[in-house]
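Take a look at the structure below.

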Amino acid sequence: MAKTAPKAMPFEEPVVELRKKIDELKEYTKTADVDLTSEIDSLEERLTKLETDIYENMKPWDRVQVARHPNRPTTLDYIPMLFEDFIELHGDRLYGDDEAIVGGIASFRGQPVTIIGHQRGKDTKENIRRNFGMPHPEGYRKALRLMKQAEKFKRPIICLIDTKGAYPGKAAEERGQSEAIARNLVEMAGLEVPVISIVIGEGGSGGALALGVGNHILMLENSTFSVISPEGAASILWKDSALAQTAAEAMKITAPDLFEMKIIERIIPEVRGGAHHDCKKQAQFIGDAIKQSFDELAHLPADALISQRYEKFKSIGVFGE
């Protein structure tokens, strides 16, 4: 079966149209006795320049769209490409198992690790099963259980962040959503093993922070990390969610902005056009970034890891008296 091309984003339309034109000329050359090689070469040269102009000068709203792409790789897409011998562990031992968060133990290039990540669906059926990647309290308590287990057995922790936010429903509030998130923040701050948090898609609100108190926070080039969605911010600030594009630019939620503000340690480059164009190659980029962070954190004793984490978050922000 032929591989379906990923859905194009609005800002990619000029590239899509030019590719279509090139394909049409190539097909015409095959069927007609006409040599269009020079025209095709010229268009391909123009395509290369156009791709460079578009993908190397993406605006914040463009990156938001790529982060939300329906085919963007998820935690379960990356796990078999990054880790060996993954064993998924279920349940929080208090209420139940939340499939919006997956986690377990695995091996990363010979190093035993604990891996935890948000998991959204690729279609309607899976999205319902995964609650659209928005965890309930039992999801965060499952994550914390696995983190404490990792600390007990001296395993580094890798968290993959990809959620619009924690689930805001009535049942989640009844079971202590805010307490579960707050507990994760407190406990992660004091973990005695290296913690690496990687934003692979959307990093939204407290739902992302509950897996985000890491020694190193890394972001994919086209991911976002914010306290609220651009639509939500626009609704609050200007009473108009249609101004989401303006909000995205004002909020500084993209990887380049957050790196400049020293909130994250590293930007992981993406394949041209976004991670959904080549998941396997993207996993290699992520793996190299994890290895780099491990090399920087491996020599630190437990008290130094806690201190580094404390100083990192204490230094975020600017204030005056």
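What follows is a set of short notes, grouped by topic.

This is a predicted model. Single residues are picked out along the way.

**Helix 1 and helix 2**

- Helix 1 covers residues 13-31, and helix 2 covers residues 37-55.
- The axes of helix 1 and helix 2 come within 10 Å and cross at roughly 165°.
- Angles over 145 degrees count as roughly antiparallel, so helix 1 is roughly antiparallel to helix 2.
- The crossing of helix 1 and helix 2 is left-handed.
- On the helix 1 side, the contact uses Pro14, Val15, Leu18, Arg19, Lys21, Ile22, Leu25, Lys26 and Thr29.
- On the helix 2 side, the partners are Ile40, Leu43, Glu44, Arg46, Leu47, Leu50, Glu51 and Ile54.
- By class, the residues of the contact of helix 1 with helix 2 split into 10 nonpolar, one polar and six charged.

**Leu18, a residue of helix 1**

- Leu18 sits in helix 1.
- Is Leu18 buried or exposed? Leu18 counts as buried, because its relative accessibility is 8% and the cut-off for buried is under 20%.
- Leaving out residues up to four places away in sequence, Leu18 touches Leu43, Arg46, Leu47 and Leu50.
- Leu18 and Phe319 are 301 residues apart along the chain, and their C-alpha atoms are separated by 49 Å.

**Helix 3 and helix 11**

- Helix 3 (residues 60-67) meets helix 11 (residues 244-251), with axes that come within 8 Å.
- Their axes cross at roughly 105°, so helix 3 is roughly perpendicular to helix 11.
- Helix 3 brings Pro60, Trp61 and Val64 to the contact.
- Helix 11 brings Ala244, Gln245, Ala248 and Glu249.
- The residues of the contact of helix 3 with helix 11 are five nonpolar, one polar and one charged.

**Helix 4 and helix 13**

- The axes of helix 4 (residues 75-82) and helix 13 (residues 279-297) come within 9 Å.
- At what angle do the axes of helix 4 and helix 13 cross? They cross at roughly 70°.
- The range from 65 to 115 degrees counts as roughly perpendicular, so helix 4 is roughly perpendicular to helix 13.
- Helix 4 and helix 13 make a right-handed crossing.
- The contact of helix 4 with helix 13 has six nonpolar, two polar and two charged residues.

**Thr75, a residue of helix 4**

- Thr75 belongs to helix 4.
- Thr75 counts as buried because its relative accessibility is 0%.
- Neighbours within four places in sequence aside, Thr75 is in contact with Val102, Gly117, His118, Gln119, Leu160 and Ile200.
- Thr75 and Ile101 are 26 residues apart in sequence. In space they are 9.2 Å apart, C-alpha to C-alpha.

- Strand 2 (residues 101-108) is mostly covered, with seven of its eight residues buried.
- Strand 1 (residues 84-88) pairs with strand 2 in the antiparallel sense, over three bridges.
- Glu84 stands opposite Ser107 of strand 2.
- How many bridges join strand 2 to strand 3 (residues 111-118)? There are eight, and the two strands run antiparallel.
- Gly104 stands opposite Ile115 of strand 3.
- Strand 2 and strand 3 form a hairpin with two residues between the strands.

**Residues with positive phi**

- Most residues other than glycine have a negative phi.
- In the hairpin of strand 2 and strand 3, Arg109 takes a positive phi near 50°.
- Asp85 has a positive phi near 55°.
- Asp85 is part of strand 1, and it counts as exposed because its relative accessibility is 65%.
- Asn131 also has a positive phi, near 55°.
- Asn131 lies in the loop between helix 5 (124-129) and helix 6 (137-152).
- With a relative accessible area of 17%, Asn131 is buried.

Terms used. Residues are numbered from 1 along each chain as its sequence is written. This is a predicted model: local features need pLDDT of at least 70, side-chain atom pairs count only at pLDDT 80 or more; totals for chains, interfaces and linings use all residues. Side-chain values use heavy atoms; hydrogens and water are left out. Axes are lines fitted to C-alpha atoms, for helices over the stretch in contact, and angles run from 0 to 180 degrees between N-to-C directions. Helices (H or I, at least four residues) and strands (E, at least two) are DSSP runs, numbered from the N terminus. Angles under 35 degrees count as roughly parallel, over 145 as roughly antiparallel, 65 to 115 as roughly perpendicular and the rest as oblique. A crossing is left-handed if the near helix is turned anticlockwise from the far one by less than a right angle, and right-handed if clockwise. Ala, Val, Leu, Ile, Met, Phe, Trp, Tyr, Cys and Pro count as nonpolar, Asp, Glu, Lys and Arg as charged, and the others, Gly among them, as polar. Buried means under 20% relative accessible area, exposed over 50%, partly exposed in between (1.4 Å probe, protein chains only). Two strands pair if DSSP finds at least two bridges between them. Contact means heavy atoms within 4.5 Å.
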